[in-house]
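Subject: Structure handover

Hello,

Here is the structure you asked about. My notes follow it.

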Amino acid sequence: MLVSVKSRSKGLKETKVNLSENSTLDQVLKEISTNNKNISKYRLRLTYAKDSKQVPIVDDAYFKGLDASTTELFVKDLGPQISWRLVFFIEYIGPIIIHTFFYKLAQNPSVQRNFSKGTYNESLVKLIYTLNTLHYTKRVLETLFLHKFSMATMPLFNLFKNSSHYWLINGSIAASYFGYGFLINDATLATIYKFLHLERTHTIVTLFLISEFWNFYVHLKLRMWGDYQKKLGNTTKRIPINEGLFNVFVAPNYTFEVWSWIWFAFASKLNIFSLIFLTVSATQMYLWAMKKNKKYHTRRAFLIPFIF
């Protein structure tokens, strides 16, 4: 049966599509696309009206048992789109490119003489660069070979908003290669590190690597859980894992990522740029984690088991 699809965007025209109980969202979007000069189906958001609000249609379930004779649909153009995988790749490759450029630049004696603040600490610079690059190399590889995305695309504008966190805020840590951002003197740092039993660099590096490993393990576990849910026929509803670390932490992938950046901050001698990045990242992940607690009706920890 033909159903009217009204446009909510100037660039789209009102059209009609064939609907039945066997219709799929993908088929409907393709038909609307065909009737609108083959606009990418990923730009289209299909909705229906309920209580004067537009409710997005996100899966095929909407079409089951549908009375096509009383149905009216709406479509909106979301604008230029970009794949989630490409967005993640661009986000994570940015810090690698930026830090590598400034790391090489900082090794130039002429640049050091003219732009550096204080004495060039080769071992510290190498440590900061190595840990940061290791983290983002891991994230790039996970993006390419491990992660699966529930949505194919996102608005192109989000690329610039999302990338600013990695390219600019994390990129600012490269200022430490030239001696900037070290606001705490060595005597005070020694006292802090002694109190926390972090006097040895290899202790901090080991804790960083342990956190990175557990972050990877959680990402792997989430991928396996997603594949298992797909086999059960659940491709849309997010169901939490109720075992192991997931019984303790609401989002253990966020937990161990934050701990990685905590150890990184200590490795960088509590450089102000590292601390800023840690604070911004941890705050955002905390907000995401609390949303998960609210969604799943749980009260699981974010960073410290059973405490916070």
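Leucine 146 has a relative accessible area of 11%, and because buried means under 20%, leucine 146 counts as buried. Please keep in mind that the model is predicted. Leucine 146 sits in the loop between α4 and β7 (153–155). Setting aside neighbours within four places in sequence, leucine 146 is in contact with Leu141, Phe216, His219, Leu220 and Arg223.

Helix α7

Helix α7 covers residues 201–231. At 1.5 Å a residue, its 31 residues should span 45 Å, and the end C-alpha atoms are 46 Å apart, so the two figures agree. After α7 comes glycine 233, which has a positive phi, near 95 degrees.

Which residues of α7 are buried? They are Ile204, Phe208, Ser211, Glu212, Asn215, Val218, His219 and Gln229. These buried residues pack against three helices: α4 (122–145), α6 (186–195) and α8 (252–267). An α-helix has 3.6 residues a turn, so residues three or four places apart point the same way.

Two of its members were looked at individually. Phenylalanine 213, in helix α7, has a relative accessibility of 47% and therefore counts as partly exposed. Isoleucine 210 is also found in helix α7, and its relative accessible area of 41% makes isoleucine 210 partly exposed. The C-alpha atoms of isoleucine 210 and tryptophan 259 are 9.5 Å apart, although the two residues are 49 residues apart along the chain.

Annotation

In an unreviewed entry, UniProt places the feature "transmembrane region" at residues 82–103, 166–184, 204–224, 245–266 and 272–290. How much of the chain over residues 204–224 is helix, and how much is strand? The model has 100% helix and 0% strand there, with the end C-alpha atoms 30 Å apart. Residues 272–290 are likewise 100% helix and 0% strand, and their end C-alpha atoms are 27 Å apart.

Regards

Notes: Residues numbered from 1 in each chain as written. Predicted model: local features only at pLDDT ≥ 70, side-chain atom pairs only at ≥ 80, totals over all residues. Heavy atoms only, no water. Helix = DSSP H or I, 4+ residues; strand = E, 2+ residues; numbered from the N terminus. Buried < 20%, exposed > 50% of the residue type's maximum accessible area, 1.4 Å probe, protein only. UniProt positions renumbered as here; feature names shortened; annotations may be inferred. Expected span 1.5 Å × (residues − 1). Contact = heavy atoms within 4.5 Å.
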